[in-house]
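Dear colleague,

Please find below the structure that I am handing over to you. My findings follow directly after it.

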Amino acid sequence: MTVERALRLMAGVVILISLALGHYVSIYWLWLTVFVGLNLLQSAFTNWCPAMSIFRAMGMKDAGCSGNK
């Protein structure tokens, strides 16, 4: 799995968990969804977010143009 795919997977899971917690526990959990959305927005422009650094430290590789799928 590449860093980019892991980032999308993690963001999707956190958003779905946040929405469930916001519905069943407290509306304030939706702030987690806002945080994830803003972080994804800034990473689209900067190509960096904290999770990417963690995934790279775990040994995941960046997606390249090598054609690996």
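A crossing of two helices is called left-handed if the near helix is turned anticlockwise from the far one by less than a right angle, and right-handed if it is turned clockwise. In this model, which is predicted, H1 passes H2 in a left-handed crossing, whereas the crossing of H1 and H3 is right-handed.

I begin with the pairing of H1 and H2. Two packed helices are described by the angle between their axes and the distance between the axes. For H1 and helix H2 (residues 30-46), the axes come within 7 Å and cross at roughly 155°. Angles over 145 degrees count as roughly antiparallel, and H1 and H2 are therefore roughly antiparallel to each other. On the H1 side, the contact is formed by Ala11, Val14, Ile15, Ser18, Leu19 and Gly22, which meet Leu30, Leu32, Thr33, Val36 and Leu40 in H2. Sorted by class, this contact of H1 with H2 has eight nonpolar, three polar and no charged residues.

Two residues of this contact deserve a separate note. Ser18, placed in helix H1, is buried, with a relative accessible area of 0%. Leaving aside neighbours within four places in sequence, Ser18 is in contact with Trp29, Leu30, Leu32 and Thr33. Gly22 also lies in helix H1. Buried means under 20% relative accessible area, so Gly22, at 12% relative accessibility, counts as buried. With neighbours within four places in sequence again set aside, Gly22 is in contact with Ile27, Trp29 and Leu30. Between Gly22 and Thr33, which are 11 residues apart in sequence, the C-alpha to C-alpha distance is 9.3 Å.

I turn now to H1 and H3. The axes of helix H1 (residues 3-24) and helix H3 (residues 50-57) come within 10 Å, crossing at roughly 125°. That angle makes H1 oblique to H3. Here Val3, Glu4, Ala6, Leu7 and Met10 in H1 meet Ala51, Met52, Phe55 and Arg56 in H3. The residues of this contact divide into seven nonpolar, no polar and two charged. Ala51 touches Leu7 and Met10, not counting residues up to four places away in sequence.

Which residues make up the largest nonpolar core? This core has seven residues, namely Val3, Ala6, Leu7, Cys49, Ala51, Met52 and Phe55. The elements that give two or more residues to this core are H1 and H3. In soluble globular proteins, nonpolar side chains tend to be buried together.

Yours sincerely

Note on methods:
Residues are numbered from 1 along each chain as its sequence is written. This is a predicted model: local features need pLDDT of at least 70, side-chain atom pairs count only at pLDDT 80 or more; totals for chains, interfaces and linings use all residues. Side-chain values use heavy atoms; hydrogens and water are left out. Axes are lines fitted to C-alpha atoms, for helices over the stretch in contact, and angles run from 0 to 180 degrees between N-to-C directions. Helices (H or I, at least four residues) and strands (E, at least two) are DSSP runs, numbered from the N terminus. Angles under 35 degrees count as roughly parallel, over 145 as roughly antiparallel, 65 to 115 as roughly perpendicular and the rest as oblique. Contact means heavy atoms within 4.5 Å. Ala, Val, Leu, Ile, Met, Phe, Trp, Tyr, Cys and Pro count as nonpolar, Asp, Glu, Lys and Arg as charged, and the others, Gly among them, as polar. A nonpolar core is a set of buried Ala, Val, Leu, Ile, Met, Phe, Trp, Tyr and Cys residues joined through side-chain atoms within 4.5 Å. Buried means under 20% relative accessible area, exposed over 50%, partly exposed in between (1.4 Å probe, protein chains only).
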